[in-house]
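Thank you all for coming; I would like to walk you slowly through one structure today. Please have a look at it while I bring it up.

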Amino acid sequence: VEKIMPADTFYFSIVRDPVALAESSFAYYKEVAPAFRKAKGLGEFVDDPKRFYEPRLRNNHYARNLLWFDFGLDHNANFSLALAQLGEDMIRRTFNMILVSEYFDQSMILLRHALCWPLDAVVAFSLNARQQKPSSTGGVGESWVGKAAAAAGVDIRGGHVQAKLPPNLSLTEEQREKLRQWNAFDWYLYKAFNKTFWKKIDKFGRTQMEKEVNLLRMRREDLARVCLRDGGKPVEAHQIRDKNIRPFQSGLVKILGYELQSGLDNVTRKLCVRMIRPEIQYKDVLDSKQFLQAHAIQAQQQRLIVAVGGTFLKQDPPWKGKKEMGGEVGVGGRTLEEGMKDWDSSLLNRNNQTMVREHEKRRLR
């Protein structure tokens, strides 16, 4: 990332309580991480994690020090205070701001002031949340077999269909403490950056923070009434008619999403969809913007397949190894020319391989 971003780029990240993160990881990746697969519940895993955990197995990074792993550090290293402090120092040098998941609204206020953004830039709905309690369902026909049953998370035994239950995430306080010890690097980071976070809030002013958080929540409620059906109550994916805003389902838990209000005008609908579009679909949207030319060719090839009923050889993307006359290939396959203008009408010029604004560069701190 640093190779292609300007030197004054503002980097920020977020940390989460390792206990809550472990609960989420176990729920989402129960069938993906070998360390979780054989454990009946999170409590059983926590009581003797080394019985289930093999560091060399793929996807077991979800089971230990996931924060530490995501920051690019060795999550299987033996904990020492010296190593934890080295990791903390590296993160502080790399990131201008570390937010805290448990105080998300306060985090958004700090972020918007650091980046000089308006309030609406940080108004958000909670996405990718899992259903806390299983919904009641009707009977399941026994003809529902094979791959369909497997994809739906059910077992077929003796000709009968048995739905797999969501994983048991209940923990005692003793087990929660064991989780902190098992994720010692994560717990160290969380405490360190949580402390820094509240120092920033004290500097910002707690009274002012409370005022702005209230404004943020009022604005969220306003947008929920405009955008979302039933006042913004999350719903199960199958209840969402538009597949473009239907969340991907992971593991045995149900990932909730939102259903849009009907009758929205085009401008309002576009705004609302941007706030509730799941991350996988958002990635597709960003891909199509960044590689517009490639997506147009891919769509043309797909239409050709449908027309002739055949196959075609996979080709390199059109931007691979390509250098256009008069400039470098830019966003959407366009050529970045001297004199092009950015979204705010400021001129762009070429600086190495990065297009930067011509007006005064400055750090956003």
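This is a predicted model: local features need pLDDT of at least 70, side-chain atom pairs count only at pLDDT 80 or more; totals for chains, interfaces and linings use all residues.

Which residues make a nonpolar surface patch of about 320 Å²? Val1, Ile4 and Met5 do. By patch I mean residues with over 30% relative accessible area and no salt bridge, where like charges are joined within 9 Å and nonpolar side chains (Val, Leu, Ile, Met, Phe, Trp, Tyr) within 5 Å; a salt bridge, in turn, is a side-chain nitrogen of Lys or Arg within 4 Å of a carboxyl oxygen of Asp or Glu. The accessible areas come from the Shrake-Rupley method with a 1.4 Å probe, and for residues only the protein chains shown count as cover.

Residues are numbered from 1 along each chain as its sequence is written, and side-chain values use heavy atoms, with hydrogens and water left out.

Helices (H or I, at least four residues) and strands (E, at least two) are DSSP runs, numbered from the N terminus.

Let me turn to helix H1, where 11 of the 12 residues are buried, among them Pro18, Leu21 and Phe26. Glu23, also in H1 (residues 18-29), counts as buried because its relative accessibility is 18%, and its side chain makes a polar contact with the side chain of Arg176 at 3.5 Å. A polar contact is a pair of N or O atoms within 3.5 Å; within protein, one must be able to donate a hydrogen and the other to accept it, and residues adjacent in sequence count only if both atoms are side-chain atoms.

Finally, how many disulfides does the structure hold? It holds 1, a disulfide being a pair of cysteine sulfur atoms within 2.5 Å. Cys227 and Cys272 form it, with their sulfur atoms 2.0 Å apart. Cys227 lies in helix H11 (residues 206-227) and Cys272 in helix H12 (residues 266-276), so the pair ties together parts that are 45 residues apart in sequence. Cys227 is buried at 0% relative accessibility, and Cys272 is buried at 0% as well.

Terms used
Buried means under 20% relative accessible area, exposed over 50%, partly exposed in between (1.4 Å probe, protein chains only).
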